[in-house]
Amino acid sequence: MARAKTAGADGDQGDDLRTRILTEAMLAIAETGLSGLTMSALARRLDTSGGHLLYYFGTKDRLLLEALRHSEGGLARERLALTAGRGSPARRLDRFMRLYLPTGARDPRWMLWIELWPRSGGDPALRDAQRELDRAWESDLVTLLADGAERGVFALPDPPARAAQLLALLDGLSTRVLLGHDDLDRNGAIAAARSAASALIPGA
């Protein structure tokens, strides 16, 4: 775990450095995978020392988890704008799906998830973190669908069940995009998600 930073300017500088490390780590993991990343190589990219990175994170698994939390934190703020924002529920649902789906075969955010999944089975801390992040997406989608149902836009009796179904479908589409299937790029995944949402959520 990262050690507590001092307050004031030193604390701000520490937070800025930590953000730089996590952003660069996300890009590096997308390029080489976690197994191909070394703390020394990442340190060279950041013009710092491997010891400095160990001070902040300790292990590569911890670095992976904190990079994912950093990435998901930004997306959570975007989701909040969707659930609390104006606009039709159908338009906000469409924006949610586009936010969820990967930008392409090497989407840095999604590559963090790809690295996390096989490790979470044997690591309770990683498994709990994965569930926490998954639940955040599901909770926000349930809120969005429930709002649409209350407004009479979406005809669905059970928003949590439909949210789980839609997220499972989005995960499947995302995996195919990440694997680089010739028949499915981001635009195709968006089209497929819209078609499925129309079937699962009347009014979407």
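**Entry 1: the chain as a whole**

I looked up burial and noted that 41% of the 204 residues in the protein chain are buried, meaning under 20% relative accessible area with a 1.4 Å probe and protein chains only, while exposed is over 50% and partly exposed is in between. The model is predicted, so local features need pLDDT of at least 70 and side-chain atom pairs count only at pLDDT 80 or more, whereas totals for chains, interfaces and linings use all residues. Residues are numbered from 1 along each chain as its sequence is written, and side-chain values use heavy atoms, with hydrogens and water left out.

I listed 9 helices and 0 strands; these are DSSP runs numbered from the N terminus, helices being H or I of at least four residues and strands E of at least two. The C-alpha trace spans about 55 × 45 × 30 Å along its principal axes. I then took the contacts between residues at least 6 apart in sequence and found that 66% join residues at least 24 apart, a contact being heavy atoms within 4.5 Å.

**Entry 2: aromatic pairs**

I found 7 aromatic pairs in the structure. Rings of Phe, Tyr and Trp (its six-membered ring) pair if their centres lie within 6.5 Å; planes under 30 degrees apart count as stacked, over 60 as edge-to-face and the rest as tilted.

I checked burial next: Y100 is buried at 7% relative accessibility, and W110 is buried at 3%.

W113 and W117 came next. Their ring centres are 6.4 Å apart with the planes at 40°, so this pair is tilted. Both lie in helix α6, 4 residues apart, which is about one turn of the helix. Is W113 buried or exposed? At 4% relative accessibility, W113 counts as buried, whereas W117 is partly exposed with a relative accessible area of 31%.

**Entry 3: the cluster and a charge**

I traced one aromatic cluster formed by F96, Y100, W110, W113, W117 and W137. Which residue lies over the face of W137? I found R79 there, at 4.2 Å from the ring centre; a charge sits over a ring if NZ of Lys or CZ of Arg is within 6 Å of the ring centre and within 35 degrees of the ring normal.
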